[in-house]
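Let's take a walk through a protein model together.

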Amino acid sequence: MARVVHSYDDPERFVAGTVGEPGARTFFLQARAGQRLTSVACEKEQVMALAERLDVMLDEVARRFDRDPVTPTGVDDTAPLEQPIEEEFRAGTMTLAWEADAERVVIEVFAVVTGEQADFEEETDPVTAAMESDDAEVFVVRITEEQARAFARRAVALVASGRPSCPFCGRPIDADGHICPRANGYRRHLPE
């Protein structure tokens, strides 16, 4: 079976978004170019790590090329994910690169490799297996610095919009409170 590549060069839209209520949200990376739409499910931590690494990489690009960091212009994209949201695959390994000639950020998201796929060569570690497996799907997006900064800004706000953290233990607080280990098992609620 051949590798399926969902590739977008300068998509019209590349965003992170969610489906569901805080505490039960599913996170997606989504790209659109014309009528093509690709949605890849991922973890909240992957979205946050991607946003943080994009900012770090773009700061380094600006430093190395001795220029001011690019900031998004215009209105932030706060629109929901586009419909229909059809999960192509679940994100596993992600890579991030800078194409200096084209001045583009390249994001590659590889599908989670199942046990059967990872076993194709026993001594291969799972990360290498995901990147070397011929039948692992991959989502490739090439975007401008401005698009990358806008993606990162939206992703950080998206992650922060979830359940608030308990000021005592740092765990998320549901609408009906949570059992806080720092309160000896008593239920803590958000201060009003």
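## A tour of the chain

The accessible surface of the chain comes to about 11300 Å², and 49% of that belongs to carbon and sulfur atoms. Keep in mind that what you're looking at is a predicted model. Of the chain's 192 residues, 36% count as buried.

How many helices and strands are there? The chain has four helices and nine strands. Reading from the N terminus, the elements go β-β-β-β-α-β-β-α-α-β-α-β-β. If you take the contacts between residues at least 6 apart in sequence, 61% of them join residues at least 24 apart.

The average pLDDT of the chain is 85, and 84% of the residues score at least 70. Which elements sit at the two ends of the scale? Strand β7 (residues 138–143) has the highest mean pLDDT, 98, while helix α3 (residues 126–132) has the lowest, 47. Where pLDDT is low, the predicted coordinates should not be read in detail.

In soluble globular proteins, nonpolar side chains tend to be buried together. Here, the largest nonpolar core has 31 residues, and the ones with the most contacts inside it are Phe14, Leu29, Val105 and Phe139. Who supplies it? At least two residues each come from β2 (13–19), β3 (26–33), β4 (36–42), α1 (44–64), β5 (87–99), β6 (104–111), β7 and α4 (145–160). The top contributor is α1, which gives seven residues.

Leaving out residues up to four places away in sequence, Phe14 touches Leu29, Gln30, Ala31, Ile107, Phe139, Val141, Ile143 and Phe151.

Now go to helix α1 and find Val47. Is Val47 buried or exposed? Val47 counts as buried because its relative accessible area is 1%, and the cut-off for buried is under 20%. Setting aside neighbours within four places in sequence, Val47 is in contact with Ala16, Phe27, Leu29, Cys42, Ala155 and Val159.

Over in strand β7 you'll find Val140. Val140 has a relative accessibility of 7%, so it counts as buried. Beyond its neighbours within four places in sequence, Val140 is in contact with Val5, His6, Ser7, Tyr8, Val106, Ile107 and Glu108. Val140 and Ala31 are 109 residues apart along the chain, yet 9.6 Å separates their C-alpha atoms.

**The largest pocket**

Which residues lie nearest the centre of the largest pocket? They are Val15, Asp76, Asp77, Thr78 and Arg154, out of 25 residues that line the pocket. The space in this pocket is about 470 Å³. Both β2 and α4 supply at least two residues of the lining, and α4 gives the most, with eight.

A few backbone details are worth a stop. The peptide bond from Gln83 to Pro84 is cis, with omega near -5°. Pro84 lies in the loop between α1 and β5.

Then there are Asp10, with a positive phi in a residue other than glycine, and Glu103, which has a positive phi although it is not a glycine. Here they are side by side:

| Residue | Phi | Loop | Relative accessible area |
|---|---|---|---|
| Glu103 | about 50° | between β5 and β6 | 39% |

Notes:
Residues are numbered from 1 along each chain as its sequence is written. This is a predicted model: local features need pLDDT of at least 70, side-chain atom pairs count only at pLDDT 80 or more; totals for chains, interfaces and linings use all residues. Side-chain values use heavy atoms; hydrogens and water are left out. pLDDT is the predictor's confidence in each residue, from 0 to 100. Buried means under 20% relative accessible area, exposed over 50%, partly exposed in between (1.4 Å probe, protein chains only). Contact means heavy atoms within 4.5 Å. Accessible areas come from the Shrake-Rupley method with a 1.4 Å probe; for residues, only the protein chains shown count as cover. A nonpolar core is a set of buried Ala, Val, Leu, Ile, Met, Phe, Trp, Tyr and Cys residues joined through side-chain atoms within 4.5 Å. On a 1 Å grid over the protein atoms alone, a cavity is a set of points where a 1.4 Å probe fits but cannot get out, and a pocket is an open set with protein on both sides within 12 Å along at least five of seven lines; lining residues have an atom within 4 Å of a point. Grid points are joined across faces, edges and corners, and a volume is the space filled by probe spheres set on the points.
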